[in-house]
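The sequence and the structure are shown first.

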Amino acid sequence: WEMGAHGRSFTHAVNSVLMKNDDAAGGTIPQLLEKHEFHGSTDGLILMRLARKMMGESFDKEDAASKLDLMMDTMYQFVSECNDDEVRKGIAPLPGAIQTLETLASYDDVAFGLVTGNVEGIARRKMHALGIYDAGALTSLSKPPQLGGRVWEGMEDKRFLGGFGSDFCSGDIDDPTRNY
């Protein structure tokens, strides 16, 4: 969390969008949140919980929720400006995963996608940096996004089938059953 571009993008987004001070004191997600507040959660809910922790008494849930898309865009912009080594820092494909994906890519009658709590643009960036996208198994989406989909600058050609943390966020950070 503390090493990789994705992990660092959370405090950057909260500082930049809600606190209006990218130099504000922060910390890493494991330093600021309890494990159950981020482990397995979506990026949107992590952002909301992190904002509440970093802002303390000045946290306004409705204001933060209304700026969630902007915070996700800010996270993506931060990650997109990092090189592949920074994006890969702290994460790696499981042993044999790339080879398995290359084998699966040879099947013509199967669609493969990714379901993750990550912001979609960041997921695309990670899949590219890790070499997973290049394995050819993820089913490409050649048409422009439908139903209000977002464009992730620099990753337009890396669209693939999936479900992402940026697709929907309930904003309900007080109900632990809504965490996943």
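Asp84 is partly exposed, at 26% relative accessibility; the classes used here are buried for under 20% relative accessible area, exposed for over 50% and partly exposed in between, with a 1.4 Å probe and protein chains only. The model is a predicted one, in which local features need pLDDT of at least 70 and side-chain atom pairs count only at pLDDT 80 or more, while totals for chains, interfaces and linings use all residues. Residues are numbered from 1 along each chain as its sequence is written, and side-chain values use heavy atoms, with hydrogens and water left out.

**Salt bridges**

The side chain of Asp84 forms a salt bridge with that of Arg125, at 2.6 Å from N to O. A salt bridge is defined as a side-chain nitrogen of Lys or Arg within 4 Å of a carboxyl oxygen of Asp or Glu. Asp84 belongs to helix H6 (residues 84-88) and Arg125 to helix H8 (residues 120-129), so this pair ties together parts that are 41 residues apart in sequence. Helices (H or I, at least four residues) and strands (E, at least two) are DSSP runs, numbered from the N terminus.

Arg88 is partly exposed at 30% relative accessibility, whereas Asp85 is exposed at 52%. In H8, Glu120 pairs with Arg124, and these residues, 4 apart in the helix, are likewise separated by about one helical turn. Both partners are buried: Glu120 has 14% relative accessibility and Arg124 has 2%.

| Salt bridge | N to O distance |
|---|---|
| Arg125 and Asp84 | 2.6 Å |
| Glu120 and Arg124 | 2.9 Å |

The count of salt bridges by this rule comes to 7. Arg52, Lys61 and Asp174 are linked in a network of such bridges. Side chains of opposite charge can pair when their charged atoms come close.

Glu120 also has contacts (heavy atoms within 4.5 Å) beyond its sequence neighbourhood. Leaving aside residues up to four places away in sequence, Glu120 touches Trp152, Phe164, Ser166 and Asp167.

**Packing of helix H1**

The axes of helix H1 (residues 5-19) and helix H5 (residues 68-80) come within 8 Å and cross at roughly 130 degrees. Axes are lines fitted to C-alpha atoms, for helices over the stretch in contact, and angles run from 0 to 180 degrees between N-to-C directions. H1 is therefore oblique to H5; angles under 35 degrees count as roughly parallel, over 145 as roughly antiparallel, 65 to 115 as roughly perpendicular and the rest as oblique. The crossing of H1 and H5 is right-handed, a term for a near helix turned clockwise from the far one by less than a right angle, with anticlockwise giving left-handed.

Residues of H1 in this contact include Phe10, Ala13, Val14 and Val17, and those of H5 include Leu70, Met71, Met75 and Phe78. The contact of H1 with H5 divides into 11 nonpolar, 5 polar and 1 charged residues. Here Ala, Val, Leu, Ile, Met, Phe, Trp, Tyr, Cys and Pro count as nonpolar, Asp, Glu, Lys and Arg as charged, and the others, Gly among them, as polar.

H1 also packs against helix H3 (residues 43-55), where the axes come within 10 Å and cross at roughly 60 degrees. That angle makes H1 oblique to H3, and the crossing is right-handed. Among the residues that meet are Phe10, Val14 and Leu18 in H1 and Ile46, Leu47 and Leu50 in H3. The contact of H1 with H3 comprises 11 nonpolar, 3 polar and 1 charged residues.

**The chain as a whole**

The chain has 8 helices and 2 strands, which follow the pattern α-α-α-α-α-α-α-β-α-β along the sequence. Of its 180 residues, 43% are buried. Among contacts between residues at least 6 apart in sequence, 74% join residues at least 24 apart.

Pro176, in the segment after strand E2 (162-163), is exposed, with a relative accessible area of 62%. Pro176 and His36 are 140 residues apart in sequence, while their C-alpha atoms are 8.6 Å apart in space.
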